[in-house]
Amino acid sequence: MEKDEFFLKRIRELANLSYQRDIVTFSDFLNLNEQNMVNSLKSQLPGIVMESSGGYDNAERQMVAFHPDALAFTWEYPIDCLKIEPKAIKFSEDLTHRDYLGALLNLGVDRNVLGDILVQKNAAWFFCSNKMTDFFLKNMCRVRHTNILISKIENPDEFPRPELEAVSGTCASVRLDALIALAFKSSRSSMVPFIEGGHVFVNGKLITSNGYEPKDGDIISVRGKGRFIFDGVSHQTKKGRCSVRILRYI
């Protein structure tokens, strides 16, 4: 509880600083639970606009910007995208998200300066606070036993796009517990503790009701499992079940 209170105090300080000095202030990269806490403060911060970004569309970890509602100048998020690739592909290992994150944290940095890490074959991209960019470029040289090259991506068109896997199935109704069970190939009953335990977010908002009905295009995140997009109901079967489609982040 003390940790949450300290976090909310820091958020209020950033908002007040923005209002008093007529500037833009930024949080660190926030996880879903922290983003949910920030959103709960909106009504308590009149005159302040809160926006968020993780460096690319639909990022999970995001940085929140605070600025006066009548701000007269343009601004950018202090976020950079760095690419990691092996020096020699034939000698590289099959590296996972955990491998890349572990290598970054082993440099002694805090998780809050790092955004999402997107892993694809023989490469990974990660988003970070731009104050840390030079540090990573100078000190990141290996992931597990693989020697790597690291570079800054200057052109946003070269930013990675998450890979999605289409999953289809049927459920009695479009309920949160049913969709999560389908996405992660589990039973509805096994997903209930995740929902009731505060581990499920829809578009960054904490949802604790099993019967919540997501809308088309909603992004559903389950801490410890992953996330997916609810792509809608295609039709009803002869038995009255809903045939649904989801897009799961790989």
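I began with burial: a residue counts as buried when its relative accessible area is under 20%. The model I am reading is a predicted one.

**Entry on Cys-81.** I looked up the accessible area of Cys-81 and found a relative value of 1%, so this cysteine is buried.

**Entry on disulfides.** A disulfide is a covalent bond between the sulfur atoms of two cysteines. For Cys-81, which takes part in no disulfide, I noted that the nearest cysteine sulfur belongs to Cys-128 and lies 8.4 Å away. I then turned to Cys-171, which is in no disulfide either, and there the nearest cysteine sulfur is that of Cys-242, at 5.6 Å. Cys-171 has a relative accessible area of 5%, so I wrote this residue down as buried.

**Entry on helices α5 and α6.** I next looked at how helix α5, residues 176–183, packs with helix α6, residues 188–196, and found an angle of about 110° with the axes 9 Å apart. Because angles of 65 to 115 degrees count as roughly perpendicular, I recorded α5 as roughly perpendicular to α6. The crossing in which α5 passes α6 is right-handed.

Which residues make the contact? On the α5 side I listed Leu-176, Asp-177, Ala-178, Ile-180 and Ala-181, and on the α6 side Arg-188, Met-191 and Ile-195.

Note on methods: Residues are numbered from 1 along each chain as its sequence is written. This is a predicted model: local features need pLDDT of at least 70, side-chain atom pairs count only at pLDDT 80 or more; totals for chains, interfaces and linings use all residues. Side-chain values use heavy atoms; hydrogens and water are left out. Axes are lines fitted to C-alpha atoms, for helices over the stretch in contact, and angles run from 0 to 180 degrees between N-to-C directions. Helices (H or I, at least four residues) and strands (E, at least two) are DSSP runs, numbered from the N terminus. Angles under 35 degrees count as roughly parallel, over 145 as roughly antiparallel, 65 to 115 as roughly perpendicular and the rest as oblique. A crossing is left-handed if the near helix is turned anticlockwise from the far one by less than a right angle, and right-handed if clockwise. Contact means heavy atoms within 4.5 Å. A disulfide is a pair of cysteine sulfur atoms within 2.5 Å. Buried means under 20% relative accessible area, exposed over 50%, partly exposed in between (1.4 Å probe, protein chains only).
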